[in-house]
Amino acid sequence: MAYMDYKMYQAIMAENNLVESQAVKLFLKRAAAFNKRKKIFIKQEQFDHNNGVLMEYIHKTELQRQKAVWDAIDCAEIEKRQGFYFIEQSGGDKFMAVMITQYEGDLSHMTALEKATYKYFELIDEMRKRANRGQLAN
C-alpha cells in the first residue's frame, strides 16, 4: 500500500472525476480517527523513547490510516461505476428495492456483482452506525 496524504488523495479524486460522497466521507473520517490515534501514540513516544511496542502501534495505525484513505477512493470509484451513491437519496436502499422487485423477493438469484454491492452497502451502513457512536477506528 502506497503512502497517501491529503494532496495525493485530492489529485486522484480530481484526475478520475470522483465525487466525495457521504460514504466516501465515512472512510475519510475513519482515516482521521486513525490519524488522531497515531498522534496520541507519537506524543506518548516522546516520553517513552525506544518503546518497540509503541513504535509498532504507531506504524500499524499509520497503515490503517492509509488503507482508510485508499478505501475512500475505492468507494468513490464503485459509486461512479454503478451510477448511484450509497447514502445520498437512499441509493443503497433503492438498489435493494430494485433487487427485491427484480428477483421477486428471492435474493439468492442475485449475480455475484449484485451480491457484492449489497455486502458493500451493508459495510457502509455499519460504518455510518459506528460513526454515530464515535467508533470509526474500531
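**Helix packing and selected residues**

Q: Leaving aside neighbours within four places in sequence, which residues is Ser21 in contact with?
A: Once those neighbours within four places in sequence are set aside, Ser21 is in contact with Glu79, Tyr85 and Glu88. Please keep in mind that this is a predicted model.

Q: And where is Ser21 found?
A: Ser21 sits in the loop between H1 and H2.

Q: Is Ser21 buried or exposed?
A: Ser21 is buried, because its relative accessible area is 0%, and buried here stands for anything under 20%.

Q: What about the phi of Asn50?
A: Asn50, likewise not a glycine, has a positive phi of about 60 degrees. Asn50 belongs to the loop between H2 and H3, and its relative accessibility of 75% makes Asn50 count as exposed.

Q: Switching to the core, which residues touch the most other members of the largest nonpolar core?
A: The largest nonpolar core has 28 residues, and those that touch the most other members are Tyr9, Met13, Val24, Phe27, Cys75, Phe86 and Ile124. At least two residues of this core come from each of helix H1 (6–15), helix H2 (22–45), helix H3 (52–82), helix H4 (91–102) and helix H5 (112–133).

Q: What does Val24 touch, not counting residues up to four places away in sequence?
A: With residues up to four places away in sequence not counted, Val24 touches Tyr9, Met13, Val19, Ala72, Cys75, Ala76 and Glu79. Glu79 is also one of the residues in contact with Ser21.

Q: Now the helices: at what angle do H2 and H3 pack?
A: H2 and H3 pack at an angle of about 170 degrees, and their axes are 8 Å apart. Angles over 145 count as roughly antiparallel, and H2 and H3 are therefore roughly antiparallel to each other. The contact of H2 with H3 has, by class, 17 nonpolar, four polar and eight charged residues.

Q: And at what angle do H2 and H5 pack?
A: H2 and H5 pack at an angle of about 55 degrees, with 10 Å between their axes, and they are therefore oblique to each other. Their crossing is left-handed. On the H2 side the contact is made by Ala23, Leu26, Phe27 and Arg30, and on the H5 side by Tyr120, Leu123, Ile124, Met127, Arg128 and Ala131. By class, the residues of this contact of H2 with H5 are eight nonpolar, no polar and two charged.

Q: How about H4 and H5, where roughly do their axes cross in degrees?
A: The axes of H4 and H5 cross at roughly 145 degrees and come within 10 Å, and H4 passes H5 in a left-handed crossing. H4 contributes Gly92, Asp93, Phe95, Met96, Met99 and Gln102 to the contact, while H5 contributes Glu114, Thr117, Tyr118 and Phe121. The residues of this contact of H4 with H5 divide into five nonpolar, three polar and two charged.

Q: Last one, on helix H1: which is Ala14, buried or exposed?
A: Ala14, which lies in helix H1, counts as exposed at 54% relative accessibility. Between the C-alpha atoms of Ala14 and Ala32, 18 residues apart along the chain, the separation is 20 Å. Gln10 is placed in helix H1 too, and Gln10 is partly exposed, with a relative accessible area of 38%. The C-alpha atoms of Gln10 and Cys75, 65 residues apart along the chain, are separated by 14 Å.

Key: Residues are numbered from 1 along each chain as its sequence is written. This is a predicted model: local features need pLDDT of at least 70, side-chain atom pairs count only at pLDDT 80 or more; totals for chains, interfaces and linings use all residues. Side-chain values use heavy atoms; hydrogens and water are left out. A nonpolar core is a set of buried Ala, Val, Leu, Ile, Met, Phe, Trp, Tyr and Cys residues joined through side-chain atoms within 4.5 Å. Buried means under 20% relative accessible area, exposed over 50%, partly exposed in between (1.4 Å probe, protein chains only). Helices (H or I, at least four residues) and strands (E, at least two) are DSSP runs, numbered from the N terminus. Contact means heavy atoms within 4.5 Å. Axes are lines fitted to C-alpha atoms, for helices over the stretch in contact, and angles run from 0 to 180 degrees between N-to-C directions. Angles under 35 degrees count as roughly parallel, over 145 as roughly antiparallel, 65 to 115 as roughly perpendicular and the rest as oblique. A crossing is left-handed if the near helix is turned anticlockwise from the far one by less than a right angle, and right-handed if clockwise. Ala, Val, Leu, Ile, Met, Phe, Trp, Tyr, Cys and Pro count as nonpolar, Asp, Glu, Lys and Arg as charged, and the others, Gly among them, as polar.
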